[in-house]
Amino acid sequence: MDNPTLRTLAVLCLLCLALAGGPVWGQAPERSLRVGVYANPPLVSVDRDGSVEGFTVDVLEAIARAEGWHLEYVEASWGELMTSLQAGEIDLLTAIAHTAERARTLSYTREPIFTNWGVVYRHRQGDISSVLDLAGRRIGMLAGDTHAQVMEDMLAEFGVETQVVHGPDYRALLDMTARREVDAAVVNRLVGRVHASPDLVATHIIFNPVEIHYATGREDVLPVLRTIDAHLARLKSDGDSAYHEAVRRWIDATVETPAALPVWLAWALVTAVGMLLLFAVLSVLLRHQVRRRTQELLNKSRALETEIQEHRLAQERLNELAYSDPLTRLPNRALFHDRLQQAMEYAKRHDTLIALLFIDLDDFKRVNDSLGHATGDRLLQAIAQRFEGRLRKTDTLARLGGDEFTVILTDIASPQDTVVLVRSLLESLREPFDLGGQSIRMGASIGITVYPTDDSRETDLLKDAETAMYQAKARGKHTFAFYAPELTRRVSERLVMENELRAALTNDELVVHYQPVVSLSDGQVHSVEALVRWNHPERGMIPPDQFIPVAEESGLITGLGDWVTERACTQISAWDARGLPALAVAINLSAVQFRRDGLVSRLAGSLRSHGLAAHRLHIEITESLLMQKHGHVEETLRTLDAMGMVLAIDDFGTGYSSLSYLRHFPIHVLKVDRSFVNDMVHSPDSRALVEAIVAMAHALRLRVVAEGVETEEQLTALRAMGCDCVQGYLLARPMPPGELADWLEQHLNAHGTKTTGRA
Ligand code: C2E
Ligand code: CA
Ligand code: CA
């Protein structure tokens, strides 16, 4: 019974039945009944020792006594009891509320044992007496409670808006009302009766009557239910019966039972219930109307949705036509401008670079003229497809018309990035196109412009890219050009150099020159520095400053470094074989080499394969490497030190490290940058600085090498400061190995022979 009308009718029936009730009972056979119970005080309470009592239990026991039944209690959870009841494992359940749903599988006593309902309590000083008075009030409710749900439905039906405050249980709700934290509380009447403080009064707002019955799931227990019905009717009508004794014991001495109702109260109740019935009937009518209207609206909105969907599809088709090139299905000029605008705004906001490529096919007109427009169209489609295959999802390829395409590249790190992609696009045209048996080759000229540019002028990117495209055409077609000529030059030089350097490594174009480092105390040469050069077949000798950065960027530095180490070791062995005093060779290692794994093992491998002691290799690194927060650096240096290699800091003074910082690393040699040595003679500051470096380096037990010594003046000054070694054009330029051997022999003749160790 979930309809308020029926529920109200049930209350009325209950009242009539109770008022008219008389003794009805029959003779039942003696039998044993398994009775399911769960704690639901005061209707059923189960003690810790397992004893069962409570209102419905007392009543049932009174009946069982009269009938000679033996009751066996089975205590379980509500869920378990329901299952057992359905399965017929227990005969009876005490205290189960009647619902239409349950009535389908269970049989109930016709006579309810008890009827509970929802009541609104208010503070004694409040003024709530009807549902309408609840408007704008704070109402305490139990979340998920059926009474609360019915109350909320009722409020909605009456269009009354309230402020619902949830509490943990009924008693707490009553307390909240007493403290006036809420204006009213929705509780069940039983709890209200037992727990409401004198500050609270029950209002006339009563609703949702719930009948409590005995029930069974077994056919053979039906006669038992009928017997209980007969007894209940009799017991209820007799004020002194066990039923009323149980009411007094468990519910309340003052609780009104239907039979004990004073006539005025009965009438008041009937009137109240009658009004409730009226409201309910009205609300049913209203609800029906609302439902019908809702359904109508729903149907209309569905129709509208379909219409909107169709409209949207049509719009999309229109957009497609307006924004795409019908031949290739690529974005057209209009959409391209839109996307370019977005990309530029994005780049500005996120401080990134975008590039715009302007692609013009080389000699496309010839294809059109000689093979016809249809073939030309098919070629354009095929080219669009190949380009698309080379682009990232985030790039926009558009066709502006004719044989002109554009590409917007977002989020690029450097102009260099673009080149990789541009080359890939040109590459994609390498395979000839097969158009109906005709094999056609196509080239393209690509103009590139990068945004934002260094100069802050207002740019027309498309125009710039097109200008660059004409430059590419002028440079012989099927190539690319940047709008900024400087960029084109830089980028292409880099690329050319990278490729040539790769070839140089295998073509033996690299050579190593060696520059002596001379000890000031005895004029001996303890070590030489290995300096790589590139003997370019066309451009002649290229200094390392020009190609080492390219090698570092492209990763070629690892191979190059290994090659230099290998050359140095071979050279040491060769000089040893020539009978020269044992020389150490200093090699320069770039930071990139430290970042790659296996540096130590490759160095050790080279030494081992040439049978050389580790102190024959000196390693020169820069200060900036020490500053890197890279975990491996310190560890690698320690390993190299432990192996016995000599570690030197190159170009000291140009970085930001301090001498005291060097203390944390196993460094043996400090090479003062040649700029200080150069300035020393003219600038007293530089001189003082070099002097300080020498003194402090000695305090840290570091050997000092002065680089770039070009004049006698510099040499004298360095000697006066106590500098340990010098290196520079004054003494010797870097030389090819053969030349160096001759130089060394001459030098030895002048200064006598000595060998050198690690320190
Ligand atoms: P660096 O390590 O500071 O090398 C010393 C540079 O100073 C050499 O230039 C040398 O030729 C030059 N130099 C020597 N004495 C004088 C002098 O009296 N006056 C002047 N003005 N210059 C002098 P180079 O050979 O051009 O090398 C330049 C830089 O290239 C080196 O600077 C080094 O950082 C790098 N490098 C050279 N070879 C290699 C290598 O094999 N690997 C790595 N990673 N870098 C290398
Ligand atoms: Ca060096
Ligand atoms: Ca240096």
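Aspartate 650 bridges the calcium ion (ligand 2) and the calcium ion (ligand 3), and the two ions lie 4.0 Å apart. The model is predicted.

**Exercise 1.** Determine which residues coordinate the calcium ion (ligand 2), and state whether asparagine 588 and aspartate 650 are buried or partly exposed.

*Solution.* 
1. The donors to the calcium ion (ligand 2) are Glu529 (OE), Asn588 (OD1), Glu620 (OE) and Asp650 (OD), at 2.1 to 2.3 Å.
2. Along the chain, these donors follow the spacing E-x58-N-x31-E-x29-D.
3. Strand E22 (residues 584-588) holds asparagine 588 and strand E24 (residues 646-652) holds aspartate 650, so the pair ties together parts 62 residues apart in sequence.
4. Buried means under 20% relative accessible area. Aspartate 650, at 9%, is therefore buried, whereas asparagine 588, at 32%, counts as partly exposed.

**Exercise 2.** Describe how helix H25 (residues 684-699) packs on helix H26 (residues 712-721).

*Solution.* 
1. The two axes come within 10 Å and cross at roughly 40 degrees.
2. H25 and H26 are therefore oblique to each other, and their crossing is right-handed.
3. Arg687, Val690, Glu691 and Val694 of H25 meet Ala717, Leu718 and Met721 of H26.
4. By class, this contact has five nonpolar, no polar and two charged residues.

**Exercise 3.** Describe the packing of helix H13 (residues 373-390) on helix H14 (residues 415-428).

*Solution.* 
1. The axes of H13 and H14 come within 9 Å and cross at roughly 145 degrees.
2. The crossing is right-handed.
3. H13 contributes Arg386, Phe387 and Arg390, and H14 contributes Leu421, Ser424, Leu425, Glu427 and Ser428.
4. The contact of H13 with H14 has three nonpolar, two polar and three charged residues.

Note on methods: Residues numbered from 1 in each chain as written. Chains lettered and ligands numbered in written order. Predicted model: local features only at pLDDT ≥ 70, side-chain atom pairs only at ≥ 80, totals over all residues. Heavy atoms only, no water. Axes fitted to C-alpha atoms, helices over the stretch in contact; angles between N-to-C directions. Helix = DSSP H or I, 4+ residues; strand = E, 2+ residues; numbered from the N terminus. Left-handed = near helix turned anticlockwise from the far one by under 90°. Contact = heavy atoms within 4.5 Å. Nonpolar A, V, L, I, M, F, W, Y, C, P; charged D, E, K, R; others polar. Parallel < 35°, antiparallel > 145°, perpendicular 65-115°, else oblique. Donors = N, O, S within 2.8 Å, 3.2 Å for Na, K, Ca; no water. Buried < 20%, exposed > 50% of the residue type's maximum accessible area, 1.4 Å probe, protein only.
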